[in-house]
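Take a first walk through this protein with the model open beside you.

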Amino acid sequence: MASQRPLRSLLATASSALGSAAPTQRVVVRTSACAFSTTRPSRTPELDAEPAHRPRWQQTPPRMMAPYRVRPKPSGPEFKVNDDPRRLDEAYSRMLGPGGDKVLSEDVKWLAVTHKSFDHGRRGFNDKLAYLGRRIVSLQTSQALLNAPQADTWSKNVTDAHGRIPFTHPALAGLSGLTGEAQDQVLDKSRLAGLAERYGFDKVTLWKPKRADNLQGSGLESVLTTSLYAIVGAIALERGGEIANKVAQDKILAPLGFTFTVD
């Protein structure tokens, strides 16, 4: 049988061993108080100073600007855009008549002539206004084509190979004008762009052409057509659909050759 050491001797041995060991030093890890501080950090006067209040069309929102330019500046001449409100008011007055510069609010007037290519779209752009305006002008064009006098496609005395005479009726005379080709011919972007130039919107539309020395190749016609539609859409939102329909008839379709009767 193995010998057993008394419990008292084991305890004495353990205590002597612990007492002879050197005391361990306490390690203190110091961390930065700033990493866990809830105190608001101090700001320099430059960061505290807010820019002067200006309308959005006049400046790029500060929080949407990068601290430095990533891409190099394009070579070639720089394209200058209009920043004079009086020139914009003159264009609206030529299109909408006397007092046309008061039809829309100041911010919406600039938004309607701002293309998405200008300032990377950071000041807003007119795509949604143009979508609404296009629908309004398209509807008025369909109604004008339906009511416009059409040339007789079928003669009353003409028969087909089987001796049948085509059915004709005055109510069906305008159906040939409802084809997509007829509407595309009326609302061709070259015709609408020429109308926008006549009103002077080619001088006040905000956009960035791919090449400043080749505006036609950069899509000038498409940009001016979008501005024309956007103005109609903006009028519909701020003044109502009845006035927008009237503008589409009198200021867009009438110069293109349509006539409208006064109800």
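How many salt bridges does the structure hold? This is a predicted model, and the structure holds 7 salt bridges. Side chains of opposite charge can pair when their charged atoms come close.

Start with Arg 86. Arg 86 forms a salt bridge with Asp 84. The closest N and O atoms of that pair are 3.5 Å apart. Arg 86 has a relative accessible area of 61%, so it counts as exposed.

Now find Asp 89 and Lys 109. Their side chains meet in a salt bridge, 2.6 Å from N to O. Asp 89 lies in helix H4 (residues 85-96), while Lys 109 lies in helix H5 (residues 106-112). The pair therefore ties together parts that are 20 residues apart in sequence. Lys 109 is buried, with a relative accessible area of 3%. Salt bridges that share partners join Asp 89, Glu 106 and Lys 109 into one network.

Another pair is made by Asp 202 and Lys 203. Their side chains meet in a salt bridge at 2.9 Å, N to O. Asp 202 has 22% relative accessibility, so it counts as partly exposed.

Step back to the whole chain. The protein chain has 10 helices and 0 strands. Read from the N terminus, its elements run α-α-α-α-α-α-α-α-α-α. The chain has 263 residues, and buried residues make up 30% of them. Its accessible surface comes to about 19100 Å². Carbon and sulfur atoms account for 54% of that surface. Next, take the contacts between residues at least 6 apart in sequence. Of these, 70% join residues at least 24 apart.

How do the helices pack? Two packed helices are described by the angle between their axes and the distance between the axes. Look at H6 (127-147) and helix H9 (residues 220-239). Their axes come within 6 Å and cross at roughly 85°. An angle of 65 to 115 degrees counts as roughly perpendicular, so H6 and H9 are roughly perpendicular to each other. Residues of H6 that take part include Leu 129, Ala 130, Leu 132 and Gly 133. On the H9 side, the residues they meet include Tyr 229, Ala 230, Gly 233 and Ala 234.

Which residues does Ala 234 touch, not counting residues up to four places away in sequence? They are Leu 104, Val 108 and Leu 129. Ala 234 is found in helix H9. Its relative accessible area is 1%, so Ala 234 is buried. Ser 105 is 129 residues away from Ala 234 along the chain. Even so, the C-alpha atoms of Ala 234 and Ser 105 are separated by 9.6 Å.

H9 also packs with helix H8 (189-199). Here the angle is about 70°, and the axes are 8 Å apart. That makes H8 roughly perpendicular to H9. From H8, the residues in contact include Lys 189, Ser 190, Leu 192 and Ala 193. From H9, they include Leu 220, Glu 221, Leu 224 and Thr 225.

Is Glu 221 buried or partly exposed? Its relative accessible area is 26%, so Glu 221 is partly exposed. Glu 221 touches Lys 189, Ser 190, Ala 193 and Gln 216, leaving aside residues up to four places away in sequence. The C-alpha atoms of Glu 221 and Ser 190 are separated by 6.1 Å. Along the chain, these two residues are 31 residues apart.

Move on to helix H10 (residues 241-253). Its buried residues are Ala 244, Val 247, Ala 248, Gln 249, Ile 252 and Leu 253. What covers them? The cover includes H4, H6, H7, H8 and H9.

Finish on the surface. Leu 146, Phe 167, Leu 172, Leu 175 and Leu 178 form a nonpolar patch there. Together they have about 490 Å² of accessible area. Leu 178 sits in the loop between helix H6 and helix H7 (180-186). Leu 178 has a relative accessible area of 42%, so it is partly exposed.

Notes:
Residues are numbered from 1 along each chain as its sequence is written. This is a predicted model: local features need pLDDT of at least 70, side-chain atom pairs count only at pLDDT 80 or more; totals for chains, interfaces and linings use all residues. Side-chain values use heavy atoms; hydrogens and water are left out. Patches are made of residues with over 30% relative accessible area and no salt bridge: like charges are joined within 9 Å, nonpolar side chains (Val, Leu, Ile, Met, Phe, Trp, Tyr) within 5 Å. Accessible areas come from the Shrake-Rupley method with a 1.4 Å probe; for residues, only the protein chains shown count as cover. A salt bridge is a side-chain nitrogen of Lys or Arg within 4 Å of a carboxyl oxygen of Asp or Glu. Helices (H or I, at least four residues) and strands (E, at least two) are DSSP runs, numbered from the N terminus. Buried means under 20% relative accessible area, exposed over 50%, partly exposed in between (1.4 Å probe, protein chains only). Axes are lines fitted to C-alpha atoms, for helices over the stretch in contact, and angles run from 0 to 180 degrees between N-to-C directions. Angles under 35 degrees count as roughly parallel, over 145 as roughly antiparallel, 65 to 115 as roughly perpendicular and the rest as oblique. Contact means heavy atoms within 4.5 Å.
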